[in-house]
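Q: Could you walk me through reading some features of this structure, with the general idea each time and then the case at hand?

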Amino acid sequence: MSGVTRRSVLAGSAAAALGATADPARAAAPPIGKAGPGIYRYRIGSFEVTALYDGIWYRPIGKDFIRDVPFAEVEHALDAAFMPHDKLTTPFTTLIVNTGQKLVLLDTGTGGQIASTAGMIVANLAAAGVAPKDIDQIVISHFHPDHINGIKDKDNNLIFPNAEIMVPDAEWAFWMDDANMNAAPAAMKETFRNQRRIFSGIAKRVARFAPGKEVAPGILTLAAPGHTPGHTVFAVHSGSESLMVLSDTAQHPAVFARHPDWQASFDVDGRETVATRKKLFDRAAADHMLVTGYHFPFPALGHLLKTAGGYEHVPVEWQTTL
Ligand SMILES: [Zn+2]
């Protein structure tokens with residue numbers, strides 16, 4: 001390096017990284033100040049799937065976040081996931097499946113009613129070229145607010161005015177039972193009240209299904225209980241291709257795929273959650289299945305690899321053509 005020291009090279013690259021330029025005119029463009037739309041589109045056989053990003057919530061957590069695990073161990077895992085110790089990174093991705101006959105929306109996002117950093121579904125639908133009135137069918141995985149609140153806006157108007165809403169029978173039976181609501185701890189009562197708000201006045205639009213039902217041609221429902229009693233996952237099949245929609249079988253994979261034995265405080269039945277997670281993840285890993293998870297990093301699509309202690313989520317590469 002004649003005349004050029006390592007230090008000056010580093011200083012130069014640091015300046016370049018900071019956007020310094022010799023031409024002042026080129027530095028005059030103002031910052032745009034907003035991000036691009038969160039849409040990712042891919043094919044499963046002849047189906048077209050559109051992943052819609054609803055945004056992200058940094059969910060407050062305490063020392064009781066994982067049952068029966070010392071918090072120091074949890075902190076270590078959060079460090080390994082580059083997450084803070086007091087919040088769980090919780091992104092939300094819903095899916096539209098265009099089966100060729102119907103537009104089916106799997107879960108509805110937060111409806112802008114959970115965090116100011118989420119509630120982007122309608123804007124992203126517009127960016128994806130889909131009008132809310134064009135959604136024919138909504139299929140719900142479970143009744144937690146981040147999955148059902150997008151049925152209605154905060155003023156209780158339907159966001160998808162023409163959609164039939166299909167819900168798991170066991171979810172309806174558990175959460176709409178007033179005896180269960182009355183017996184629930186105070187914090188959980190809010191979840192019950194929210195479900196009554198969302199489903200009130202729309203009973204004639206709501207159809208219940210039992211797991212095993214094909215809710216639309218090529219979209220099979222499978223029981224995945226634990227996180228909630230009627231928690232449901234979806235197998236989407238077209239031609240020789242398939243996609244496993246894992247719903248909340250695991251929340252963020254950097255925490256729960258790596259630690260499949262962990263029971264989160266918000267799992268209704270922790271032991272059952274773990275059993276369901278391992279069963280589905282083992283199958284997905286063994287069969288090299290393409291999977292998507294509602295709380296996986298956007299576009300929430302990839303594969304699961306079995307590791308010594310758990311699983312690793314391997315994201316797909318972003319494709320620019322279908
Ligand atoms: Zn969720």
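Q: Let's start with strands: which residue in S13 stands opposite Thr 292?

A: Two strands pair if DSSP finds at least two bridges between them, and the strands (E, at least two residues) and helices (H or I, at least four) are DSSP runs, numbered from the N terminus. Here, Thr 292 faces Leu 301 in S13. Strand S12 (residues 291-292) and strand S13 (residues 301-306) are antiparallel partners, joined over two bridges. A word on the source: this is a predicted model, where local features need pLDDT of at least 70 and side-chain atom pairs count only at pLDDT 80 or more, while totals for chains, interfaces and linings use all residues. Residues are numbered from 1 along each chain as its sequence is written, and side-chain values use heavy atoms, leaving out hydrogens and water.

Q: What is the order of the strands in the open sheet of seven?

A: Read across, the order is S8-S9-S10-S11-S12-S13-S14, and the pairing is mixed. S8 (214-216) and S14 (311-315) are the edge strands with a single partner each, so one side of each has no neighbour in the sheet.

Q: At about what angle to S13 does helix H9 run?

A: Axes are lines fitted to C-alpha atoms, for helices over the stretch in contact (heavy atoms within 4.5 Å), and angles run from 0 to 180 degrees between N-to-C directions. Helix H9 (residues 270-286) runs at about 95 degrees to S13 and lies across S9, S10, S11, S12, S13 and S14.

Q: Which way do the residues of strand S4 point?

A: In a regular strand, side chains alternate between the two faces of the sheet. In S4 (residues 103-106), Leu 103 and Leu 105 go one way, Val 104 and Leu 106 the other, and all are buried. Buried means under 20% relative accessible area, exposed over 50%, and partly exposed in between (1.4 Å probe, protein chains only). S4 has an antiparallel partner in S3 (residues 87-98), over four bridges, with Ile 96 opposite Leu 105. In the hairpin of S3 and S4, with four residues between the strands, Gly 100 takes a positive phi near 95 degrees. S4 also pairs with S5 (residues 137-139), in the parallel sense over three bridges, and there Leu 106 stands opposite Val 139.

Q: Which residues coordinate the zinc ion?

A: Donors are N, O and S atoms within 2.8 Å of the metal (3.2 Å for Na, K and Ca), and water is not among the atoms, so sites may look incomplete. The zinc ion has Asp 146 (OD), His 147 (NE2), Asp 248 (OD) and His 295 (NE2), at 2.1 to 2.3 Å. Along the sequence, the spacing is D-H-x100-D-x46-H. His 147 in helix H4 (residues 145-148) and Asp 248 in the loop between S11 and H8 are 101 residues apart. His 147 is buried, at 0% relative accessibility, as is Asp 248, at 2%.

Q: How many aromatic pairs does the count come to?

A: Rings of Phe, Tyr and Trp (its six-membered ring) pair if their centres lie within 6.5 Å; planes under 30 degrees apart count as stacked, over 60 as edge-to-face and the rest as tilted. By this rule there are 14 aromatic pairs. For Phe 65 and Phe 266, the ring centres are 6.3 Å apart and the planes at 40 degrees, so this pair is tilted. Phe 65 is in the loop between S2 and H2 and Phe 266 in the loop between H8 and H9, so the pair ties together parts 201 residues apart in sequence. Phe 65 is buried at 1% relative accessible area, and Phe 266 is buried at 14%.
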